[in-house]
Amino acid sequence: MPENRVDRSQRVPQGFEPDSRLEPAISLWDADLKLIDSSREFEERIGLASRNGITLWEAYPLLVKPALAAIVQQVIDTGEPQTIELGVSSHETRSLLLSHIRAGLFAVETSGTNAEQSPWSQNNERERLIHQATHDVLTGLPNRRQFSAELAQLLPANGKMAPALMQLDLDDFKPVNDTLGHGAGDILLQLAAERIKAALGRNGTVYRLAGDEFAIIQVGSQQAFEAERLAEELVAEFKKPFTVNGISLFVGVSVGIAIAPRDGNEGEQLMKAADVALYAAKKEGRRRARTFDPSMLIVVEQRELLRRSLRVALQRDEFFIEYQPLVELPSNVAGFEALLRWRHPTLGIIPPAAFIPMAEADGLMSEIGQWMLEEACREALTWPVHYTLAVNLSPAEFLTPGFTDRVSQTLDIVGFPAERLELEITEGVLLERTTNNLDTLNTLNVLGIQISLDDFGTEYSSLSYLKNFPFDTIKIDRYFIRDLLQDAKSQAIVRSVISLAHGLDMRVTAEGVETAQQAAWLRNEGCDRLQGYCISPPLAADRLEDFIRQGARIQTATASDELRAGL
């Protein structure tokens, strides 16, 4: 999404043309004239090794001169902005605009041509630069720089008028961006900003921090109550649809609340508390508000413990693989799906849903996935030659450059036939970089590797995927299998998917099959393969030989009779 940067396309007043090579160098200073925040251009232009504790006088030594120091003091005392000429050459003029703000001083260093400037053009340029530096271009809201300055001005809080901080995150915003494009995403952000402002009224200030992240600062005497009331109102407002280009979109909001000084009396402390509360809201299902409680830190600390442990889990051989059978009806074992597991040395077995998103976020899935593929292929070499090996791919792994080369090299190193490997991807993978995805899938197809579309029907389910991508198998998600015998809608959906897949010359696998009755129903409807606890739970590698020798123990014939009798 667009970042909070100066929009150079806006018209510059006649008589002042900024040097196209140099962006304005923006900086914020506190009441003691120590640096609070700055733009990248300021840091590069000043060239100071560390900005911690830097004063205005160190950044601009020229201002130490008595005449210029007096101008700085005048800005502080009167609140009237002033422009100081830093230097003049034959080609350009360097100027420093100083303005008084609540936090202290706001400074903008510019470089422009020596065209004569009128007082009007100077004032207009000054106002434009101040607004651009402190407001988001897309939504017009105050930006992160302004947020940091104003929060610093309010803290530490004392007395009854203490600030409440709310951090807001839009739920399900990314699918809008991915499916409808960034233009629709920009419109949605603008509409969301207006909805937040309407709910807030005059009772605080809303800021756009980045992407789909917003913040609200309120100041009052009963902030805990008022903040929670506003947060619940926002959650309710965001349950209403947004209309973008004639399409109704449902994008919710999660809110984390922190109150000063109870939850923190410094900016960083209060922001961390609000962020922890926001994480709790998302963890509990999103589209809700949560107020910070110290007990929430336990969950965050556990998450960080897992994250630190995850970084060394592969080197410490803590990962292992279990294998769940795939049965080709009526009752022939067709192969196994490899399932990644993590045995933490102190916490025990960690569910994949808990650690795989962390591994993806931290860029670890490529290395972990490479290890898993090689280990599973080596194990599969001991199976009957007609058994297939199915391996799940995370989106992060699939989108990594050089992925197909690594798969091909692994197969060559292990000596595992490509036609016995089936790679499973979810629909979410296909939303990113569609052209590259098609190239990747076609390359895998040329290598002879089978491709399976996993969890079909639970995410975006665009039929264009089935037309444009070379899938061999569609896997029906367990969500539709769970109530298959009781829900006529689930039955209709499963029948439709089976018919659609067969019409496209694709196999169908039903996962999450728990009972013999479900298995019999699926067999009668023409489903090709089954997977689930009805057949077998995931098995350790040392138990596969016994399972293969005994074969699948699924009594589909008996179950079919029971099903007919029951119906």
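One definition before the tour. A crossing of two helices is right-handed if the near helix is turned clockwise from the far one by less than a right angle, and left-handed if anticlockwise.

Now the overview. This is a predicted model. The protein chain has 567 residues, and 48% of them are buried. Its secondary structure comes to 21 helices and 22 strands. Take the contacts with a separation of 6 or more: 63% of them join residues 24 or more positions apart.

Let's zoom in on one helix, H11, residues 352-361. Which of its residues are buried? Phe355, Met358 and Ala359. They cover an arc of only 100° around the axis, so they sit on the same side of H11. An α-helix has 3.6 residues a turn, so residues three or four places apart point the same way. On the other side of H11, Ala353 and Ala361 are exposed.

What do the buried residues of H11 pack against? Two helices: H10 (296-313) and H12 (365-380). Also three strands: E13 (319-328), E14 (332-344) and E15 (348-350). After H11 comes Gly363, with a positive phi near 70°.

H12 takes us to the next stop. Two packed helices are described by the angle between their axes and the distance between the axes. H12 packs with helix H14, residues 403-414, at about 30°, and the axes are 10 Å apart. Angles under 35 degrees count as roughly parallel, so H12 is roughly parallel to H14. Which residues make the contact? From H12: Ser366, Gln370, Leu373, Glu374, Cys377 and Arg378. From H14: Arg406, Val407, Thr410, Leu411, Ile413 and Val414. And the hand? H12 passes H14 in a right-handed crossing.

Last stop: helix H7, residues 182-200, and helix H8, residues 223-237. Their axes come within 10 Å and cross at roughly 140°. H7 and H8 are therefore oblique to each other. H7 brings Arg195, Ile196, Ala199 and Leu200 to the contact. H8 brings Leu230, Glu233, Leu234 and Glu237. The crossing of H7 and H8 is right-handed.

To recap the two pairs: H12 and H14 are roughly parallel, whereas H7 and H8 are oblique. That's the tour.

Definitions and conventions. Residues numbered from 1 in each chain as written. Predicted model: local features only at pLDDT ≥ 70, side-chain atom pairs only at ≥ 80, totals over all residues. Heavy atoms only, no water. Helix = DSSP H or I, 4+ residues; strand = E, 2+ residues; numbered from the N terminus. Buried < 20%, exposed > 50% of the residue type's maximum accessible area, 1.4 Å probe, protein only. Contact = heavy atoms within 4.5 Å. Arc of directions from axis to C-beta. Axes fitted to C-alpha atoms, helices over the stretch in contact; angles between N-to-C directions. Parallel < 35°, antiparallel > 145°, perpendicular 65-115°, else oblique.
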